[in-house]
Amino acid sequence: MSQKNDASDYGLNGKVKTVKSQIYSLIIEKDTFRIGEKENGLGTDRNSLLEFDERGNLISSKEFLSNGKISDEVTQEFDKENRLVNRKEVDNYGKGSFLDYKYIYNSADSLTQVMISGNDFKRIHQIERDENNQPIKHEVIQSDTVYLTYIAKYDNNNMISEKEFRYDTIPVKLIERTFNEQNLKEKERIIEYKSWDTLHYSNIYVYDNKKNLIHCQYNIENDSVYNEVKNSYHENGELKQSIWTPKGSLYYVVSIEKYNQNGNLVERSRLPSDGDPKQTWNYKYKYDTQNNWIERINFKNDKPLRIVKRTIEYFE
């Protein structure tokens, strides 16, 4: 199994150096279409340039408007132990803003502190670990005030309890978990303290013999009100189809996503319960020799919308 890194998190194969993505409109002409003008980013599509180091770490990310101006950019620095130590985020909208992140680790290479600073802003995330190096307490400190605290409890390395508090003592969210014999999360019981009410709900997870999540129920308020998700998988383990169905409402929308064996989304649909027409988005791909897609055409109800072209450079 290949080692996970930023490049693999982006679904990229091989030793990728850069990925340049550009979005163009598509103009319908009789029974075909042609490429139109460059478009701004929409949804998950972005005009962007990603740069990776030879270890697969993302070291630079830039997003562009259709006119070529940089809208957002991120730079990251890693030390010789391959740990993220600095991150800078720049938002060029309006007068512009920035956030600087500094990451501190213990002798076991585990994160113990994150310092975030920006325009007249400073925040510290302080992480306490137990003798097994597991995070048991996380404090978010701003203006010398601890305004969020997270407490975790473990059993056999499984996080069986999470508690979130505001200003040390005001409860925000409490989560209790149980795990099966394979150490997979089986059930969660959640209490959320809102200003208008206290919410009680649970989540249930079911897996196949390959440890793939095949069925889950989210936000269970009672036996008839919850969200249901059913998953199926390709032989290679990649997700094949995911069906989301809200239960217990007079009006609801069933959402279906389908993926190919490369893990790329090929179809997304929404089916309202009130008889309104089904809406379907399709995605067609072209791949390079590393099995990374270099062209994706987006359709809605069989009509072409836009094309995303990617230029991928690899380390030799």
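**Entry 1: salt bridges**

I started with a count and found 21 salt bridges, taking a salt bridge as a side-chain nitrogen of Lys or Arg within 4 Å of a carboxyl oxygen of Asp or Glu. A note to keep in mind: this is a predicted model, in which local features need pLDDT of at least 70 and side-chain atom pairs count only at pLDDT 80 or more, while totals for chains, interfaces and linings use all residues. Residues are numbered from 1 along each chain as its sequence is written, and side-chain values use heavy atoms, with hydrogens and water left out.

**Entry 2: Arg306 and Glu39**

I looked up Arg306 and saw its side chain meet that of Glu39 in a salt bridge, 3.4 Å from N to O. Arg306 sits in strand E23 (residues 303-314) and Glu39 in the loop between strand E2 (32-38) and strand E3 (47-52), so this pair ties together parts 267 residues apart in sequence. For the names, I use DSSP runs numbered from the N terminus: strands are E runs of at least two residues.

Are the two partners buried or exposed? I call a residue buried under 20% relative accessible area, exposed over 50%, and partly exposed in between (1.4 Å probe, protein chains only). Arg306 is buried at 14%, and Glu39 is partly exposed at 24%.

**Entry 3: Arg296 and Asp45**

Next I turned to Arg296, which forms a salt bridge with Asp45; their closest N and O atoms are 2.0 Å apart. Arg296 belongs to strand E22 (residues 293-300) and Asp45 to the loop between E2 and E3, so parts 251 residues apart in sequence are tied together by this pair. I found Arg296 buried, with a relative accessible area of 12%, and Asp45 buried at 5%.

**Entry 4: other charged groups**

I also noted a salt bridge between the side chains of Lys286 and Glu295, at 3.9 Å from N to O. Glu295 is buried, at 13% relative accessible area. Then I came to a network of salt bridges that links Asp79, Glu81, Arg83 and Asp109.

How do E14 and E15 pair? I saw E14 (residues 185-193) and E15 (residues 198-207) run antiparallel over seven bridges; two strands pair if DSSP finds at least two bridges between them. Ile190 stands opposite Tyr201 in E15, and a hairpin of four residues joins E14 to E15.

I followed E15 onward to E16 (residues 213-222), where five bridges join the antiparallel strands. Here Tyr207 faces Leu213 in E16 from the opposite position. The E15 and E16 hairpin has five residues between the strands, and in it Lys211 takes a positive phi near 70°.
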